[in-house]
There are 2 protein chains.
Amino acid sequence: MNSPFPTVIIENVQPEIDHGRHPIKRETGDTVRVSADVFKDGHDILMVFLLFRKKGSQKWNRARMTLVNNDLWKGEFQVGENTRYEYTVEACPCVFRSWQHEIRKKHQAGQDLKSELLEGRNLIRAAAQRATAKAVRDALEKLAKKLGAAPNQAAAVELAVSPESTDRMDCAPDRSLATQYERILEVVVDRTCARFAAWYEMFPRSQGKTAGKSGTFKDCEEHLPAIKAMGFDVIYFPPIHPIGKTHRKGPNNTLVAGPNDPGSCYAIGSGEGGHKAVEPSLGTLRDFDRLVKKCRELDMEIALDFAINCSPDHPYVREHPEWFNHRPDGTIKYAENPPKKYQDIYPLNFHCENYMDLWKEMQSIIEFWISHGVKIFRVDNPHTKPVAFWEWLIGNIQKKNPEVLFLAEAFTRPKMMRALAKAGFTQSYTYFTWRNSKPELTEYLIELTQGPMKEYFRGNFFANTPDILHAFLQEGGRPAFKIRATLASTLSPVYGIYSGFELCENKAIPGTEEYLHSEKYEIKVRDWNCAGHIKDYITRLNHIRRENPALQEYDNLRFYRADHDNILFYGKAAPDKSNLILVAVSLNPYQITDGFVWAPIGEYGIRDDEAYQAHDLLTGHRYLWRGSRNYVRFDPRNEIAHIFRICRWRKRENDFDYYDM
Amino acid sequence: MNSPFPTVIIENVQPEIDHGRHPIKRETGDTVRVSADVFKDGHDILMVFLLFRKKGSQKWNRARMTLVNNDLWKGEFQVGENTRYEYTVEACPCVFRSWQHEIRKKHQAGQDLKSELLEGRNLIRAAAQRATAKAVRDALEKLAKKLGAAPNQAAAVELAVSPESTDRMDCAPDRSLATQYERILEVVVDRTCARFAAWYEMFPRSQGKTAGKSGTFKDCEEHLPAIKAMGFDVIYFPPIHPIGKTHRKGPNNTLVAGPNDPGSCYAIGSGEGGHKAVEPSLGTLRDFDRLVKKCRELDMEIALDFAINCSPDHPYVREHPEWFNHRPDGTIKYAENPPKKYQDIYPLNFHCENYMDLWKEMQSIIEFWISHGVKIFRVDNPHTKPVAFWEWLIGNIQKKNPEVLFLAEAFTRPKMMRALAKAGFTQSYTYFTWRNSKPELTEYLIELTQGPMKEYFRGNFFANTPDILHAFLQEGGRPAFKIRATLASTLSPVYGIYSGFELCENKAIPGTEEYLHSEKYEIKVRDWNCAGHIKDYITRLNHIRRENPALQEYDNLRFYRADHDNILFYGKAAPDKSNLILVAVSLNPYQITDGFVWAPIGEYGIRDDEAYQAHDLLTGHRYLWRGSRNYVRFDPRNEIAHIFRICRWRKRENDFDYYDM
């Protein structure tokens with residue numbers, strides 16, 4: 001490339017987030033599809049290349065892009081490794097192809113091409129001079145000679161425009177007028193777990209069997225096989241660190257704790273240590289290590305909470321008072337959201353003078369737990385710390401440990417949620433819990449999976465959390481839990497439940513979404529086989545997800561027509577269409593709901609008059625459908641959803657060879 | 001600003017073209033409205049400022065932006081001068097306002113604020129220390145003292161949250177955590193003629209009175225008052241330079257010219273000179289100067305064609321053979337679009353080795369004509385020269401001569417047309433001639449005036465050109481000319497006709513859009529008062545445009561419902577709503593067309609039950625309308641359009657003071 005000014009215009013490269021300010025996200029094994037508007041003055045034929053490489057490599061790989069229409073070009077490349085990749089676009093007028101095009105037209109018009117053919121030979125000779133490999137040089141020189149020796153114009157043109165000539169010339173392309181797109185774009189390639197996983201949130205201290213006595217990591221170990229059996233991949237623990245004693249909260253967030261109250265695990269730090277220690281009542285760090293190992297054996301993994309809160313007893317308060325905000329009387333400011341006070345929590349000041357010491361200490365916490373086998377961190381309230389800090393932290397961690405994933409627990413305004421995802425969070429909590437009606441779900445899911453957010457924001461759909469027990473669950477009973485489990489697990493490939501969901505626990509503090517007797521402040525002992533649980537149903541859902549690649553993708557969701565306001569109908573197809581899933585869910589947990597749904601048989605290549613099979617993976621029932629419009633009926637006493645695998649009959653008489661004979 | 005990392009996120013600043021790569025366009029006197037997404041971690045109250053300045057100035061002006069909703073902020077500034085401006089956004093957490101908010105809430109909750117009030121005094125004292133003006137410092141110190149001396153908490157809070165306190169603190173703001181948007185954006189502010197003008201294209205050589213004899217600049221002078229009377233502002237001349245003799249084209253683009261054929265004025269250059277000379281048969285450069293002066297006296301101006309074509313006789317061919325493309329036999333390549341050949345034209349090679357000499361010579365051509373009083377250049381086929389060249393050229397010219405306007409005659413693919421506008425062309429030709437049906441016109445005009453293009457692409461709507469006589473005009477007769485004149489002049493504030501349009505000339509080479517006996521190759525003598533002309537109609541249109549500010553704006557176009565496929569109904573309102581124009585046009589030049597149109601009375605603040613006046617500015621008729629839906633009828637033998645000015649009755653009984661007494 002040595003043109004002193006850009007010769008080709010390359011614009012609107014997609015995907016690109018905020019003009020390349022932030023990377024897009026993909027998972028290992030993905031194909032990155034890139035498009036760009038590419039054009040040039042005049043009538044030259046263009047060669048357009050997608051350049052890509054692992055970040056850090058100096059050498060670009062090159063893939064030819066193809067013209068779609070209206071100056072839009074498309075190309076793609078594979079991302080195989082869990083690391084960062086880079087891509088950009090290069091374009092160049094191809095003098096040889098333009099010349100081929102010219103002589104073809106002129107020859108057809110019967111014009112004399114003496115001068116043009118001389119020009120062509122000069123182009124080929126110039127290519128031979130550019131060639132670095134002798135074989136290429138020789139072949140091109142031979143081609144030039146052969147062109148000169150052609151017996152007549154027709155033969156010369158035929159040779160000149162032949163694919164062989166083009167191929168030879170492509171071995172020594174003239175890139176002197178090439179233009180490279182002005183930015184290099186990045187892809188963060190995560191392991192597939194970033195996109196496809198079922199999460200199970202549980203408080204370790206509630207895994208015991210004795211009321212009032214803290215469960216331990218050992219109790220967790222015992223519970224693991226049951227969770228594995230339900231089909232979960234990630235076990236997420238709220239903070240496991242020593243809990244502060246000063247201003248400890250009592251049951252239901254009361255201000256004064258009794259002597260046996262365990263306190264909120266979000267008030268981190270005590271005489272027993274801070275963020276790099278474990279709460280003694282749960283066991284030892286060695287117990288934790290054993291639990292991590294056990295998880296790994298079961299092909300599960302542990303996600304830890306990263307909550308940057310310090311109780312007044314946290315070692316940082318003594319060791320680094322300069323990291324906190326101080327009041328004029330010299331005391332440290334506790335957290336507030338006026339008029340609410342959180343006297344058991346001191347926030348850290350990320351803007352403090354020696355902020356880099358603080359930031360590095362935060363990094364060391366993550367590194368500490370990585371060294372103990374943790375590779376997933378669920379970050380508490382990231383929207384109350386600077387976005388610049390997260391970008392710095394996640395970037396630093398993933399440079400050494402690209403396998404580490406971060407989930408942003410930011411329930412805040414939409415633009416901040418997007419900003420955190422752009423800054424590097426692997427996954428994000430969403431508004432899913434508050435989207436219950438058909439228009440709400442449709443609009444929100446289209447925003448997440450079809451718009452610009454799909455490039456960088458992976459919604460992890462929690463059906464409930466320790467803070468959110470939605471009225472739909474409080475009031476809709478067992479069918480409501482099944483509805484929400486179905487939606488969470490099939491709308492998004494990454495989803496989760498917080499324990500108790502499978503038992504349909506639905507007691508809230510009246511008028512709120514808070515659990516009554518929340519585990520945040522109390523130790524809970526549950527009957528894991530209580531009447532009315534939906535463990536079998538959840539097991540089934542997770543099994544279906546695992547068996548069907550279509551449900552493991554994020555941006556392949558499409559909504560289809562259902563002639564009832566309370567029936568949501570949507571589908572997902574595997575990229576190669578080998579797996580076609582249609583989901584019909586009743587959004588009404590109270591009444592029988594029925595109506596027609598319209599299967600996208602056109603998209604699936606099924607003819608209007610063709611019979612095909614809709615196999616309900618929830619019940620095992622098979623239906624023979626014909627045409628797009630088909631009937632469904634849901635009874636809250638039985639099933640509230642169908643998850644259909646759509647199968648064409650594999651053969652017809654005219655698919656056999658003999659049919660054409 | 002001294003935070004080592006961005007504390008506030010500033011995104012999605014609008015308007016912004018390709019992330020600030022290109023400037024937006026405005027005209028003198030405009031208000032530039034800017035919006036941005038601005039947010040920060042935590043709960044701080046933000047102060048957001050729009051920074052703006054004339055380019056070259058070091059000092060920013062600051063205008064407060066206001067929160068609309070959902071982290072979206074808006075602000076505006078005026079651009080008074082014909083020059084470039086810059087703008088960007090700055091945001092900062094306002095510690096004092098956040099503190100005010102906090103104490104207000106806590107005081108309402110009955111909390112003790114001893115510590116908070118001490119904090120506040122510290123904030124005020126810190127501001128006093130920051131203050132550079134003694135008066136400000138004194139006032140702040142006084143405020144701190146007064147706050148300390150407040151008799152009780154209520155009085156202290158009242159003083160602290162008072163607007164006076166806020167105003168004082170605003171005199172010495174704490175900008176230590178301010179973040180400035182990462183880019184500085186530009187506005188090209190053109191003179192208003194860039195947006196609002198009526199163009200008239202004519203061949204000077206056709207302004208004579210004797211068949212076969214070239215008209216002259218003096219003949220043009222004589223014709224000026226008639227063109228002025230029709231209401232045109234800009235007279236545009238195709239090239240006026242010496243025409244080459246080698247391979248000169250004959251009538252109707254035939255290959256061989258007769259001895260008296262004048263040739264195509266686009267084959268520029270002969271023994272008499274090149275782009276800085278005038279064709280001798282038109283007169284002298286001095287004649288041209290006098291014509292320019294005459295135009296100025298009539299408050300009109302001349303636009304010249306800038307066609308970078310050289311005839312084989314152009315002085316450049318001799319003086320700068322290195323600027324041209326050569327064939328292997330040493331001859332210069334003429335222009336081709338295989339199998340078509342343009343032997344009378346040599347294109348210049350903008351990529352040649354000493355390309356900067358060539359580029360500078362092109363600049364000197366423009367500068368030459370600027371020195372002769374020309375301020376508007378219509379550029380021929382800019383899409384066959386590098387976009388980078390145009391960006392360089394227009395930027396250089398407008399740096400010294402911001403009053404100079406460039407119109408891009410690029411009839412090419414849409415993305416190239418947009419790229420040229422982004423690169424700096426003041427105005428652009430459009431696809432308007434090929435948009436004749438209601439859906440075509442609606443879709444295209446919405447794209448131009450409502451989408452991102454409105455920021456940088458000003459369509460100059462020519463109703464015809466020497467190259468385009470659309471079938472609609474060829475076949476629709478006089479009513480078709482009136483329809484297209486109405487559309488061009490009311491859909492876009494800048495529009496034009498090519499002479500002969502007002503005479504309804506409609507003879508084409510069969511099967512093409514080319515004029516039969518095109519003026520491009522022949523001298524024409526017209527009867528300017530021939531039967532069936534529409535000069536009065538065009539005069540009326542131009543008069544209406546001049547009298548109604550709503551028709552002088554570009555992006556205020558809105559389409560409204562008309563219950564007929566061949567009635568187009570649209571409106572324009574002045575920014576302050578003082579002038580409301582509704583246009584109803586029949587798109588059918590053959591039949592009587594009638595139906596209902598739906599006036600946007602809601603937008604105009606007219607009640608459903610209120611009578612209002614629709615004053616047809618074309619005929620002078622007045623209609624009394626009530627409600628949105630009203631009847632219109634068009635007869636091709638009479639009028640084919642209404643241009644209504646909508647007037648509410650100025651007063652009702654309850655608009656008078658006594659009504660409320």
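## The sheet in chain B

In chain B, 4 strands build an open sheet in the order β1-β3-β7-β6, with antiparallel pairing. Here two strands pair if DSSP finds at least two bridges between them, and helices (H or I, at least four residues) and strands (E, at least two) are DSSP runs, numbered from the N terminus. This is a predicted model, where local features need pLDDT of at least 70, side-chain atom pairs count only at pLDDT 80 or more, and totals for chains, interfaces and linings use all residues. Residues are numbered from 1 along each chain as its sequence is written, and chains are lettered from A in the order in which they are written.

At the edges of the sheet you will find β1 (9-14) and β6 (66-69) of chain B, each pairing on one side only. Within chain B, β3 (residues 30-39) and β7 (residues 72-79) pair in the antiparallel sense over 8 bridges. On these strands, B:Val34 stands opposite B:Gly75 in β7(B).

## A helix from chain A across the sheet

Now look at helix α11 (residues 414-423) of chain A, which lies across β1, β3 and β7 of chain B. Its direction is at about 70° to β3(B); axes are lines fitted to C-alpha atoms, for helices over the stretch in contact (heavy atoms within 4.5 Å), and angles run from 0 to 180 degrees between N-to-C directions.

## Two helices in chain A

The axes of α6 (residues 217-230) and α7 (residues 285-297) of chain A come within 9 Å and cross at roughly 10°. The two helices α6(A) and α7(A) are therefore roughly parallel to each other (angles under 35 degrees count as roughly parallel, over 145 as roughly antiparallel, 65 to 115 as roughly perpendicular and the rest as oblique).

Conventions:
Side-chain values use heavy atoms; hydrogens and water are left out.
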